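Please open the structure in a viewer and keep the selection tool at hand. The stops below are arranged by topic.

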Amino acid sequence: MPAVDKLLLEEALQDSPQTRSLLSVFEEDAATLTDYTNQLLQAMQRVYGAQNEMCLATQQLSKQLLAYEKQNFALGKGDEEVISTLHYFSKVVDELNVLHTELAKQLADTMVLPIIQFREKDLTEVSTLKDLFGLASNEHDLSMAKYSRLPKKKENEKVKTDVVKEVAAARRKQHLSSLQYYCALNALQYRKRVAMMEPMIGFAHGQINFFKKGAEMFSQSMDSFLSSVADMVQSIQVELEAEAEKMRVSQQELLSVEESVYAPDFDVAAPQINRNLIQKAGYLNLRNKTGLVTTTWERLYFFTQGGNLMCQPRGAVAGGLIQDLDNCSVMAVDCEDRRYCFQITTPNGKSGIILQAESRKENEEWICAINNISRQIYLTDNPEAVAIKLNQTALQAVTPITSFGKKPESSCPSQNLRNAETEDDKIVSQAAVRADDADELIAPGTPIQFDIVLPATEFLDQNRGSRRINPFGETEDETFPEAEDSLLQQMFVVRFLGSMAVKTDNTTEVIYEAMRQVLAARAIHNIFRTTESHLMVTSQTLRLIDPQTQVTRANFELTSITQFAAHQENKRLVGFVVRTPESTGGQSLSTYVFESNSEGEKICYAINLGKEIIAVQKDPEALAQLMLSIPLTNDGKYVLLNDQPDDNDGSPNENRGAESEA
């Protein structure tokens with residue numbers, strides 16, 4: 001017996017588009033079977049009607065033959081022989097009428113009745129379960145929509161509990177109706193074979209009995225054939241009973257799970273999050289703009305395929321491309337007072353799509369999966385191992401030192417930094433530095449400091465009413481008299497990203513590796529807040545100045561800066577290595593990483609110019625030759641890098657166009 005296609009009961013709860021697509025195939029098969037059954041029933045009813053008509057016809061014929069005697073023919077003399085002959089024929093017809101009546105009764109019981117029972121019982125049951133499944137699915141969608149609209153802040157716990165119970169009840173109801181519907185469709189694959197053959201067996205047996213009583217018209221081979229068909233039908237019936245019992249047991253096992261399986265976000269307190277995913281699939285709410293200020297949310301099934309984010313609406317055969325995830329960035333966002341929202345941003349910085357997950361676990365796993373895919377880990381030979389290694393290395397190598405968690409209100413989020421951190425994490429991870437070389441540049445497990453530059457409000461709070469203790473050698477600007485007499489004064493708007501100790505300053509690769517680790521650490525620990533400062537480059541020092549209080553936060557001698565470089569792809573990232581003496585007599589090396597509003601090459605050029613001024617400061621002629629090599633503007637300012645003013649520089653205090661005064 002050929003194998004029978006079946007729906008997997010284990011996939012009923014997930015209710016994925018793939019399961020729905022397979023379900024549509026079974027539904028189409030059931031609809032075709034229903035149409036064919038109706039046509040077959042009409043043909044069988046026509047045969048039965050014809051047989052009944054034959055009974056009535058033969059009965060009427062017999063009566064008419066007997067009625068010949070009663071006719072008052074004017075010329076009826078000598079008809080006795082005819083009358084006796086007609087009486088004999090009437091008797092024969094009566095005997096044939098008995099046979100036709102038995103055949104009609106047998107056709108009604110063994111041919112027409114089984115097909116009617118199959119249509120009214122099995123096909124009607126499938127149709128009813130289909131309607132119940134549709135109603136349960138609609139109730140589940142409505143409850144999920146209501147759950148998705150729960151506000152994130154100042155949430156009424158009673159309302160939340162009621163909505164969660166409503167979702168669980170709707171999901172359980174949908175699960176139960178889908179299991180019953182799947183079982184009926186699976187059983188239909190067996191019953192339809194029985195329903196097609198059993199009526200014909202009854203028809204054949206009736207005809208054989210009819211003709212056997214009239215004459216021997218069927219051979220023994222036909223009897224053996226019909227016997228074998230009857231045996232096959234019996235075996236199918238036995239197999240159906242066994243499969244029905246198996247499905248019943250499986251259904252009970254699937255329904256015996258905990259109620260938490262039906263409740264979304266049941267482990268909100270301590271979800272088990274897998275951060276090493278390179279593939280992800282599930283339902284998300286997609287935000288669509290329907291007008292200038294109006295939006296709608298649509299619940300769709302999303303899945304990743306390679307470096308693409310795909311979407312497959314319910315009922316669709318295949319999914320369509322929504323977003324290319326290569327080099328994209330992803331981050332959690334606040335959107336319309338909804339929980340668990342995140343945004344995917346394109347590599348060029350444009351805002352992409354906004355999605356909403358149904359739980360905290362799903363939200364964070366989607367963010368981690370998209371972040372891993374954006375690094376193009378899926379192109380490696382063993383992407384799972386690479387993802388695990390990268391996340392373990394980042395978690396072990398990073399010990400964040402930050403005060404942002406304690407004073408989140410004192411800092412302002414930077415949207416540019418969010419995009420840069422996630423995007424540049426992927427860019428820096430593709431640099432030419434191998435893992436072994438990275439260990440030679442930076443020791444594994446080196447801690448990263450994120451808040452060397454304190455916010456101005458925090459500084460004022462610490463120094464209100466007393467003189468500030470300076471842990472980083474910060475002083476007010478008036479203690480730096482060289483600022484007025486310096487041959488070079490260049491101001492840049494920057495945001496401090498992090499600093500860490502390094503092992504060498506012989507190559508700029510140590511700066512690129514520090515950038516990679518700092519950005520990776522910020523992404524892993526969800527540190528997106530930064531403090532904006534002014535970076536003043538003079539011919540002697542490099543100073544960080546608070547733009548609100550004009551207090552110098554950090555000061556670095558240009559002679560102590562041994563390496564400096566801008567990122568090769570993200571032009572706004574810049575870093576430098578500082579060599580500082582220690583009390584033990586040795587020296588320590590630290591790399592500082594910043595994000596600038598202008599190109600990092602401008603800062604590097606200014607630092608290089610300052611170091612050249614220091615190198616030739618004792619030689620007046622060489623100094624004059626150096627200053628003459630820098631072009632002047634109409635107002636007597638030196639132009640660095642011959643650049644035009646940068647429209648992205650957002651500070652009125654910055655000398656736009658990277659100009660310096662001599």
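Please note that the model is predicted.

**Stop 1: the largest nonpolar core**

Select Leu 9, Leu 23, Phe 118, Val 126, Tyr 181, Leu 185 and Leu 188; of the 35 residues in the largest nonpolar core, these touch the most other members. Next, display helix H1 (17-67), helix H2 (80-148), helix H3 (157-214) and helix H4 (220-255), the elements that each give two or more residues to this core. The largest share, 11 residues, is supplied by H2. Which residues does Leu 185 contact, if neighbours within four places in sequence are set aside? They are Leu 7, Leu 23, Phe 26, Ala 30 and Val 126.

**Stop 2: a second core**

Move to Leu 558, Ala 566, Val 578 and Tyr 592, which are among the 25 residues of a second, separate core.

**Stop 3**

The structure holds 11 aromatic pairs. Select Phe 496 together with Tyr 592: the ring centres are 6.4 Å apart and the planes are at 50°, a tilted arrangement. Phe 496 belongs to strand S11 (residues 489-501) and Tyr 592 to strand S18 (residues 587-596), so this pair ties together parts that are 96 residues apart in sequence.

Phe 576 is located in strand S17 (residues 573-581), and the pair with Tyr 592 in strand S18 links parts of the chain 16 residues apart.

**Stop 4: a charge over a ring**

Select Arg 299 and Tyr 283. The charged end of Arg 299 sits over the ring of Tyr 283, at 4.4 Å from the ring centre.

**Stop 5: the second largest pocket**

Finally, select Leu 13, Gln 14, Arg 171, Glu 358 and Glu 362, the lining residues that lie nearest the centre of the second largest pocket. The pocket has a volume of about 570 Å³ and a lining of 24 residues. H3, strand S1 (281-289), strand S2 (295-305) and helix H5 (360-374) each give two or more residues to this lining. The largest share, 3 residues, comes from S1.

Definitions and conventions:
Residues numbered from 1 in each chain as written. Predicted model: local features only at pLDDT ≥ 70, side-chain atom pairs only at ≥ 80, totals over all residues. Heavy atoms only, no water. Phe/Tyr/Trp six-rings, centres within 6.5 Å; stacked < 30°, edge-to-face > 60°. Helix = DSSP H or I, 4+ residues; strand = E, 2+ residues; numbered from the N terminus. Lys NZ or Arg CZ within 6 Å of the ring centre and 35° of its normal. Core = buried A, V, L, I, M, F, W, Y, C linked by side-chain atoms within 4.5 Å. Buried < 20%, exposed > 50% of the residue type's maximum accessible area, 1.4 Å probe, protein only. Contact = heavy atoms within 4.5 Å. 1 Å grid on protein atoms, 1.4 Å probe; cavity = no way out; pocket = protein on both sides within 12 Å on 5 of 7 lines; lining within 4 Å. Points joined across faces, edges and corners; volume = space filled by probe spheres on them.
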